[in-house]
Amino acid sequence: MKNIISAVHRAELASFLSRVGILISIQNGDVHCATCGSTISLENFGAITRSDKELVVYCNSLKCVPEKSGSTRPIEVEGNQK
Amino acid sequence: MIDLSSLVGLAKSYGLYAAVLAILLFVIWQLARMLLDEEKSGQFRAAVFRTLFSLTGKRNHEKQYISNDVSSRINLARKRIHFSSEILPEAVRVDWVKDSQGSTYDINEGQFVVCLDPIACQEQNIVRLTNAVVSRTSLAGIRHLFEKPLVMAIDLNLIRTLLSLTNNVKAMDWFFQNEYSPCISTDAALADWNAKVCDIDERGLFTRILLVEFAQFAKRVFGMTPRPFMTGEIEGLVRFLHAISTKRYGQDVPLEFITAYIKIAVLLVADTSKILRDGINPYLNSIAINAQKGVNTIYVIIWNKEALGARDPRAYQEFEQKTQLLSREIQSKTRLKKVGELKYDTIDSQGKKRKAKCLRYLVES
């Protein structure tokens, strides 16, 4: 069985984040990497996952990629989405 | 394989059509082989989409190239490093998130969405995906038992091993320059564990013993409450294999590692004079003693003696015969069941490249 990893193209990232509901938070500098705490931007965005119903974002540094269970530092989502 | 002389012979005997038919059948056979192997067909698809992208410039073609190229490279590489019945780490498949304007997108629990760069940065995509696969699928179930510096050292070396097998020089360069070197230079504890793991890897024991034993350990402690001694067993195994890897000629180091959940022994067939003088009985006795101590896995490492072959061909031949006899006698005279055998290139303590063989045996109760 293969480990499925979803991917988003860097050129479509803004549109994707807007659909997820966190684009404005990222543009305002309110989102931080769950591992290293650095401010997430469209340039250093690495990955996003959902852990314990909360969205968790990571920067593009290799050491910040989580193991399968994910680490938890949830971020606030704009609007009334999860 | 079809060669030119056999084709000419075929054409002379049966006519030109027979030769054309043979070529056609050969092409169909090769295509079928490629299509049946998902990873090889992935590389073929990547080449097709790359050509399409260079002709059309469409993003969909670019995305198909990126995902097919990166996943087939990683999956082919991981197949080449496995030793036990399971392949470590797991295979990967990249699914693109559909880009539909206006609608909302809900990320499912546990779903992992990674951002990949355009085709010009494919080396970064390869490194990023390799890292995601390694950190998310290797050491599964025991990752929480590792201290952060050690788990990072293992991840970095597994990524390096996989990248070296993807045949992408740019990806390897990018990894060393942007990730590996900065990580090592800023964390002393990581640098220390990394040096140990590198020594183990240079002797060929990283993927063939360390990772295999970690996978076995994960099965044994699955579902148990994490305890400090488990972390001790993990670090102890690394130190044990490091001592063997850095062993100098004539130096005595422990060759058994027996703890609550890891019970292994390593048998080194490296000293030519010992096996030529004393024969194979000391090795068989050592196996019997280890089996009595409760060891459940025994690794036999045989170093090739090519240098001896040039200096003393007779002694070399005798060494080869004795090591072959040892393999046969282990099978017939002990309670060991061979579950794996790998030949590989390694670097000895003097920095010379050598060939070696690693045999893995389970002790049957």
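**Figure 1. Surroundings of A356(B).** A356(B) touches G204(B), I301(B), I302(B), W303(B), N304(B), Y344(B) and T346(B), leaving aside residues up to four places away in sequence. Two residues are in contact if their C-beta atoms, placed from the backbone, lie within 7 Å. The model is predicted: local features need pLDDT of at least 70, side-chain atom pairs count only at pLDDT 80 or more, and totals for chains, interfaces and linings use all residues. Residues are numbered from 1 along each chain as its sequence is written, while chains are lettered from A and ligands numbered from 1 in the order in which they are written. A356(B) sits in strand β7 (residues 353-363) of chain B. Helices (H or I, at least four residues) and strands (E, at least two) are DSSP runs, numbered from the N terminus. A356(B) is buried, because 21 other C-beta atoms lie within 10 Å. A residue is buried if 20 or more other C-beta atoms lie within 10 Å of its own, exposed if 12 or fewer, and partly exposed in between, with C-beta atoms placed from the backbone. From A356(B) to V94(B) is 262 residues in sequence and 36 Å in space, C-alpha to C-alpha.

**Figure 2. Chain A.** Two helices and three strands make up the secondary structure of chain A. Their order from the N terminus is β-α-α-β-β. Of the 82 residues in chain A, 38% are buried. Among contacts in chain A with a separation of 6 or more, 35% join residues 24 or more positions apart.

**Figure 3. A sheet with strands from chains A and B.** Five strands form an open sheet with mixed pairing, in the order β3(A)-β2(A)-β2(B)-β1(A)-β1(B). The edges are β3 (54-59) of chain A and β1 (92-96) of chain B; each has a single partner strand, so one side of each is left without a neighbour in the sheet. From one strand to the next, the twist averages 30 degrees. Two strands pair if DSSP finds at least two bridges between them. Strand β2 (residues 45-51) of chain A pairs with β3(A) in the antiparallel sense over six bridges. R50(A) has L55(A) as its bridge partner in β3(A). The pairing of β1(A) with β1(B) is parallel, over five bridges. There, S6(A) has D95(B) in β1(B) as its bridge partner.

**Figure 4. The side of chain A that touches chain B.** The contact takes 31 residues from chain A and 39 residues from chain B. On the chain A side, β1 (3-9), α1 (13-20) and β2 of chain A are the elements that give two or more residues. The largest share, seven residues, comes from β1(A). The residues on this side divide into 14 nonpolar, eight polar and nine charged. Ala, Val, Leu, Ile, Met, Phe, Trp, Tyr, Cys and Pro count as nonpolar, Asp, Glu, Lys and Arg as charged, and the others, Gly among them, as polar.

**Figure 5. Helices α6(B) and α7(B).** Helix α6 (residues 148-165) of chain B packs against helix α7 (residues 169-186) of chain B at an angle of about 170 degrees, with the axes 11 Å apart. α6(B) is therefore roughly antiparallel to α7(B) (an angle over 145 degrees). Axes are lines fitted to C-alpha atoms, for helices over the stretch in contact, and angles run from 0 to 180 degrees between N-to-C directions. M152(B), L156(B), I159(B), R160(B), L163(B) and S164(B) in α6(B) meet A171(B), M172(B), F175(B), Y180(B) and C183(B) in α7(B). The residues of this contact divide into nine nonpolar, one polar and one charged.

**Figure 6. Two loop residues with positive phi.** L139(B) is not a glycine, yet has a positive phi of about 55 degrees. L139(B) lies in the loop between α5 (122-137) and α6 of chain B. L139(B) counts as buried, because it has 24 C-beta neighbours inside 10 Å. N167(B), also not a glycine, has a positive phi near 60 degrees. N167(B) is in the loop between α6 and α7 of chain B. With 11 C-beta neighbours inside 10 Å, N167(B) counts as exposed.

Figure 7. α9(B) has 16 residues and reaches 21 Å from its first C-alpha to its last, close to the 22 Å expected at 1.5 Å a residue. The expected span is 1.5 Å times one less than the number of residues. Buried residues in α9(B) include F206(B), I209(B), L210(B), F214(B) and F217(B). Just after α9(B), G223(B) takes a positive phi of about 85 degrees. R227(B) lies in the loop between α9 (206-221) and α10 (228-245) of chain B. R227(B) counts as exposed, with 12 C-beta neighbours inside 10 Å.

Technical notes
Parallel < 35°, antiparallel > 145°, perpendicular 65-115°, else oblique.
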